[in-house]
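Have the viewer open as you read.

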Amino acid sequence: MVDWSIARQVARLAAGTEPPPGKAAGADFAGMSANAERLVADYTGLKLVEPVPAAEPVGRRQWSEINIQTLQGFLDPVAERMSGRLEKTGPFAGALRAAAGATLAAEVGIIAGYMSQRVLGQYEVSLLQPDASARLLYVVPNLGHAIGELGVDADAFLAWIALHEMTHVFEFSGVPWLRGYMAGLLREYLHSVEVRIDSGGAGALPRLPAIAELVDQFREGGLVALVQTSEQRDLMRRLQAAMSVIEGYSEHVMDAVGGEHLENYAGLRDAMERRRANRTAPQRLLEKLLGLDLKMRQYDLGKRFCDGVAARGGIELLNRAWESPESLPHLGELSDPGAWVDRIQGSRAAA
């Protein structure tokens, strides 16, 4: 149903002209990743069950291509369900199917292209394709642009970003149940979503569902739409809570380790917060429309939770979140770390 070449063409246009790599040019990403692996292992105590993927410096367009491939595996089943519904719309089915496929491809391309302008690094792990190899990506032109824009020390900034992405490696490869748990929630949610083709008013052609909302749910963990049942609301809360902890844990580790081991660390956190906040009004509007602004709230809420737990009992207490799916904080506990600590410590005492 979907011509994914359209998505790639749109993504290339949306990505725009790549800025020069600046001070990120020629960076030793392999060496930085190896050092980050050692530091994250020492601080967190998590143990990897598979090797760390090789560090890959990429450009915006290459990043878009990689992520469109991942999104294709996610959206193709949804598109097939939509195609089946369109078959029932009568003589316009073929035209509607082509229009829907083009719309889906264009929206995926817009999102991938826009995000390619912002992403600095990414641990790309497919949740719906467990056999797919994970990748460790660094978007060189964005890193170079950020270093120049923020006026930070290049070596410290790059090493700091490597800590963030390496922590994601340890989360998904060092917590045996996490990848399967997230994949199960995602599959369950997608199975619960009813793809509806609503009839247009006054004899108009049928209205198609907003595909951008589905893309946002997978790519950013937003899950801001399509809440139709109590089952979906529960799944949404669990996914949001898990994503917030995953991001917040990485934010906590990069600050805890960076503050102790990186030269010229001072000011990096303030610089990063300025970058996240320094978006134009059109950018903010686009992110709001796409649901991508939720990512920033996950960073903030998750980091405050992880910092609050670590302040009470160190990384050992925080790591109890990784004991089992039941140990993850509920959505309400993210804003009240003490409540989560009481629950977790109480459960061990009761045992």
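Let's start with a charged pair: glutamate 65 and arginine 8 form a salt bridge, and their closest N and O atoms are 2.8 Å apart. This pair ties together distant parts of the chain, with glutamate 65 in helix H3 (residues 60-86) and arginine 8 in helix H1 (residues 4-15), 57 residues apart. Glutamate 65 is partly exposed, at a relative accessible area of 26%. Please keep in mind that this is a predicted model.

How many salt bridges does a search of the whole structure find? The search turns up ten. In one of them, the side chains of lysine 303 and aspartate 255 meet at 3.3 Å, N to O. Here too distant parts of the chain are linked: lysine 303 belongs to helix H12 and aspartate 255 to helix H9 (residues 230-261), 48 residues apart. Lysine 303 counts as buried because its relative accessibility, 16%, is under 20%. Aspartate 255 is buried as well, with a relative accessible area of 14%. Both residues belong to a salt-bridge network that also includes Glu251, Arg269, Glu273 and Asp307.

Arginine 304 forms a salt bridge with aspartate 300, with 3.0 Å between the closest N and O atoms. These two are four residues apart in helix H12, so about one helical turn separates them. Arginine 304 is partly exposed at 46% relative accessible area, and aspartate 300 is partly exposed at 42%.

## Leucine 317 in helix H12

Helix H12 (residues 294-318) also holds leucine 317. Is leucine 317 buried or exposed? With a relative accessible area of 8%, leucine 317 is buried. Beyond its neighbours within four places in sequence, leucine 317 is in contact with Val309, Arg312, Trp340, Val341 and Gln345.

Leaving out residues up to four places away in sequence, leucine 163 touches Ala36, Leu39, Val40, Met254, Val257, Gly258 and Leu262.

## The whole chain

Stepping back, the chain contains 13 helices and three strands. Of its 351 residues, 53% are buried. The accessible surface comes to about 15300 Å², and carbon and sulfur atoms account for 53% of that area.

How values were computed: Residues are numbered from 1 along each chain as its sequence is written. This is a predicted model: local features need pLDDT of at least 70, side-chain atom pairs count only at pLDDT 80 or more; totals for chains, interfaces and linings use all residues. Side-chain values use heavy atoms; hydrogens and water are left out. Buried means under 20% relative accessible area, exposed over 50%, partly exposed in between (1.4 Å probe, protein chains only). Contact means heavy atoms within 4.5 Å. Accessible areas come from the Shrake-Rupley method with a 1.4 Å probe; for residues, only the protein chains shown count as cover. A salt bridge is a side-chain nitrogen of Lys or Arg within 4 Å of a carboxyl oxygen of Asp or Glu.
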